[in-house]
Amino acid sequence: MKSKKSIISAAINTLQMEAQAILGLIDYINEDFTTIVSRIIACEGRVIVTGIGKSAIIAQKIVATFNSTGTPSSFMHASDAVHGDLGMIRQEDIVICISKSGNTPEIKVLIPLLKHAGNLLIGMVGQLESELALQADFILNTTIEKEACPNNLAPTTSTTAQLALGDALAISLLIARDFNADDFAKYHPGGSLGKRLFLKAGDLASKNAKPTVSPNSAVKDVIITISKNRLGAAVVVRDEQIIGIITDGDIRRMLEKYTDLTNLTAKDIMNSSPKTVDKNTLAVQAFELIRSTNITQLLVTENNSYFGILHLHDLLHEGLL
């Protein structure tokens with residue numbers, strides 16, 4: 001077992017080498033890169049991404065990123081391609097072939113088949129004298145100095161470079177397509193990410209009770225309303241219009257300020273400037289208002305009328321924080 005110092009040193013060295021390799025890719029971003037983006041944008045089919053070994057794993061990640069950012073894409077394992085999977089490729093598809101060496105047997109077998117079919121071939125490759133680099137229509141250069149592996153064998157720096165350049169291509173395509181947050185939401189409807197993009201304040205408020213008191217409601221009635229609905233607040237409403245809010249904190253402050261509660265009404269103790277949002281406001285934006293103003297309840301409106309209450313706990317329950 002190596003010392004803690006040597007283990008930490010190895011980890012830091014790996015990160016430094018891979019970071020330097022990624023920065024080195026900047027020198028390879030040229031006009032060919034912009035042409036590749038333009039050709040993919042104009043593509044009427046899909047982008048087929050293929051590779052072998054660790055490069056195949058990177059290819060799958062690139063496909064996932066492409067699909068989630070508006071570039072239709074499919075993965076094809078290079079070794080499976082010659083056993084029937086070539087049938088997934090249509091004439092209008094573009095193929096990105098990923099390989100560090102560009103000379104693995106599977107890749108060398110695959111290249112002439114792709115060229116014969118007439119598909120545009122983009123090689124993401126780390127050796128510019130390889131078969132893949134020489135036969136590809138365009139090259140995404142992922143040349144590195146060496147692997148982070150001390151034996152210069154295990155794919156580490158090379159796969160990091162492939163992954164980073166794949167991300168650079170995906171984001172360039174996203175920007176070229178003017179792919180915005182609404183577009184992104186269409187492809188991410190599930191989980192916490194989907195909720196951040198879709199869930200509205202009104203969706204959550206509609207599930208809650210709607211505690212309401214009038215301006216002339218007695219303090220006893222206000223307290224009963226707050227307690228009954230368990231949202232820590234009651235909304236003071238006149239003709240469907242919000243004129244104030246009374247929270248647990250307002251009740252405590254009332255008890256500290258007044259000794260005689262007999263003639264007190266809701267309008268005497270309410271906060272007349274409550275924070276509100278429209279029901280169509282994204283829940284995540286509502287949370288930002290709750291966080292920035294250090295409150296617990298947020299009033300939700302519809303056409304400027306009282307719609308409901310959004311509580312901090314609603315956002316916690318949905319996993320938005």
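This is a predicted model: local features need pLDDT of at least 70, side-chain atom pairs count only at pLDDT 80 or more; totals for chains, interfaces and linings use all residues.

How many bridges join E4 to strand E5, and do they run parallel or antiparallel? I looked it up: four bridges join E4 to E5 (residues 138-141), and the two strands run parallel. Residues are numbered from 1 along each chain as its sequence is written, and side-chain values use heavy atoms, with hydrogens and water left out.

Terms, before I forget them. Helices (H or I, at least four residues) and strands (E, at least two) are DSSP runs, numbered from the N terminus. Two strands pair if DSSP finds at least two bridges between them.

**Entry: strand E4**

Why is E4 largely enclosed by the rest of the structure? Because six of the six residues of E4 (residues 120-125) are buried (under 20% relative accessible area, with a 1.4 Å probe and protein chains only). In a regular strand the side chains alternate between the two faces of the sheet. I listed both faces of E4: Leu120, Ile122 and Met124 are buried on one side, and Leu121, Gly123 and Val125 are buried on the other.

**Entry: the open sheet**

I then traced an open sheet of three strands, ordered E6-E7-E8 with mixed pairing. Strand E6 (212-213) and strand E8 (241-247) are its edges, each pairing on one side only. E6 runs parallel to strand E7 (residues 233-238), joined by two bridges. I noted Val235 in E7 as the bridge partner of Thr212.

**Entry: the cavity**

My search was on a 1 Å grid over the protein atoms alone: a cavity is a set of points where a 1.4 Å probe fits but cannot get out, a pocket is an open set with protein on both sides within 12 Å along at least five of seven lines, and lining residues have an atom within 4 Å of a point. Grid points are joined across faces, edges and corners, and a volume is the space filled by probe spheres set on the points.

Helix H2 (31-42) and E5 each supply at least two lining residues.

The largest pocket holds about 280 Å³ of space. It is lined by 15 residues, and the closest to its centre are Thr247, Asn271, Ile295, Thr296 and Gln297. Helix H12 (248-257) gives the most to this lining, with five residues.

The second largest pocket comes to about 150 Å³. Of its 14 lining residues, I marked Ser55, Lys100, Ser101, Pro155 and Ser158 as the closest to the centre. Helix H3 (54-68) and helix H7 (157-176) are the elements giving two or more residues, and H7 gives the most, with three.

Methods: Buried means under 20% relative accessible area, exposed over 50%, partly exposed in between (1.4 Å probe, protein chains only).
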